[in-house]
Amino acid sequence: MEIDRRDFLQIAASLGLLGAAGGTNLLAGEATQAKIKELNFSDIVKFKAKGKATILHFCDLHAHIKPLYWREPSTLISAKNLVGTPGFICGESFQKYYGIQAGSLDAYFDTHNDFTELAKKFGKMGGIAHMKPIIDHVKKERGAENVILLDSGDTWQGTAVALHTKGEAIVDAQNYLGVDVMVGHWEFTYGKERVHELIGKLDAEFISQNVVDNDPFSDEFEELIFPPYSIQEIGGAKIGIIGQSFPFTSTANPKKFTEGWSFALRHESLQEYVNMLRKEKGVDAIVVLSHDGFSVDQELAKKVTGVDFILSGHTHDPSPEPIIVNDTVILISGSHGKYISRLDLEIKDKKVVDYSFKLMPVASNLIPADKAGTELVEKWYKPYNAELNEVLGTTKGLLYKRDTFYSTFDSLIGMAIEDEMKSDINFNPGYRWGTTVLPGDPILKDNVYEMTAITYPEVYTFDLKGEVIYKLMEDIADNVFNANPLLQQGGDMSRITGASYSIKISAPSGKRISDFMIGGKPIDMKKTYRVSSWGGNLQNVGENLDEKAIRPVYEVVSDYIRKKKVIDIPLESNVKILDMDCGCPVQGASCS
């Protein structure tokens, strides 16, 4: 493929291959040319078009409007019947399953393998200024009137700029990208009033067929909170889009944010909307825009008929190939702005007869930034730069988030809380969003926010009996490792500091955890322990809450890093898995 001089200079600059005067680094010679020819923007957007209608999709941006590093898990485990299936594949197992070459851009985006080395080779991921050129390219190729952009939610929350602007900066970013329709989950943690305010600022439609008013004193009792569907006309076809917001919002997040709203899967009413859109509205295709989670959506497809596509979100999975369940095609587009997926539809005689799909990696170093996007990011970050650009310290090892049991960034958070609160054990939530900091890199205040920026960041310290702690961990394990995906909420195990345990995934409910140690001693069921936690409701069941010690977690962690200056977190987990020998098993729970 020929590269003109303008494209060559843009790509070369983004790879750091230009000198100060703007000329090419001649010392690189043939190596430079080979590197540029190996990968470029045209390769990223190359696509075998089908039909006339195109749907673009992203999910779980978590307010990351700037590029970032994001490492996929090195341990990704579920119940034995789910292990090694899409949604529960990682590392080399992922590469083998999808035929991905080691050391490639896809391996970097989709696995933890050689992450640090590949990060230095390929650079950061995502960022709205790098997403936009992909969107614009597709709209130019297909015609803007034939393209829609869908967002599966978890978009407004996850960074300092989102928290400080109460989501407004991210809505502005969505409008810039051209989002047409979205659903939600963490959006709701801004509270009902703010959610409606932000929807008023949003150019897109916010839809959900599964969020209902359950306040008996309300004039809207048992009525839908949001429009249940949207009909979009693209490429001469009518596409019916039905919204599925996260069905477990009121249990996964504090109820105070959504008091009076009822969340559920509601597959029966979903079926009714599918039938109505087909028969009464005459749509040509049905798309469910979902934040159920990848595994839950695979179960949903078994219960609801007539759905052509489910565009999933919530569990952050990259899936290079679609999953087909009972003639429903299920797609998911990773997280943190790493991917924009493209789905082309060929529609004849009121039905989808063919389609093409591709995950397009937002490789920030290979995609020249759109000027308007860069300016938008700078505008929203400018008031907070002095705070967010503070260098708190440096890290000797890789600080990462995503894993089933243990991550180094969570361990850092736990150590900071333990140091300040002097608790016996503390709990960190198993959230799947955040960032990655490479070995030797500075840790910015912004990075800490990227791991902790929620609207209920308070660290609480209180008393709990050993038997309560033990039962809590068994209950969390039953949620994470339940063989029925409909009984999972799509999170990882809560992280604990000051303690360790062994776990048998395949054991019956309530009997998975053994060798539970607190402070190096076996847990005493009758003993009262001093416990710290954040990001949940655990303090509500504790006693002797220390009101004076309550502080936002991002301040606790920042103070700890300032004090330590150099952070060195061990890679070894404090959890031992008894019935699996590796972190990325294949089907049948065996190691490849």
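Predicted model: local features only at pLDDT ≥ 70, side-chain atom pairs only at ≥ 80, totals over all residues.
Glu168, Val171 and Asn175 in helix H9 meet Arg194, Leu198 and Lys201 in helix H10, where contact means heavy atoms within 4.5 Å. The residues of this contact divide into two nonpolar, one polar and three charged; Ala, Val, Leu, Ile, Met, Phe, Trp, Tyr, Cys and Pro count as nonpolar, Asp, Glu, Lys and Arg as charged, and the others, Gly among them, as polar.

Residues are numbered from 1 along each chain as its sequence is written, and side-chain values use heavy atoms, with hydrogens and water left out.

How do the axes of H9 and H10 cross? The axes of H9, residues 168-177, and H10, residues 192-201, come within 9 Å and cross at roughly 30 degrees. That makes H9 roughly parallel to H10, the term for angles under 35 degrees.

I turn now to helix H16, residues 408-421, whose 14 residues reach 20 Å from first C-alpha to last. Of these 14 residues, 10 are buried, that is, under 20% relative accessible area with a 1.4 Å probe, protein chains only. Among the buried residues are Phe409, Leu412, Ile413 and Met421. Lys422 follows H16 and has a positive phi, near 55 degrees.

Finally, Val288 is found in strand S9, residues 285-290. Val288 is buried, with a relative accessible area of 1%. Leaving aside neighbours within four places in sequence, Val288 is in contact with Ile242, Gln244, Leu270, Val307, Phe309, Ile310 and Leu311. Gln244 lies 44 residues from Val288 along the chain, and their C-alpha atoms are separated by 7.0 Å.

Notes
Axes fitted to C-alpha atoms, helices over the stretch in contact; angles between N-to-C directions. Helix = DSSP H or I, 4+ residues; strand = E, 2+ residues; numbered from the N terminus. Parallel < 35°, antiparallel > 145°, perpendicular 65-115°, else oblique. Expected span 1.5 Å × (residues − 1). Buried < 20%, exposed > 50% of the residue type's maximum accessible area, 1.4 Å probe, protein only.
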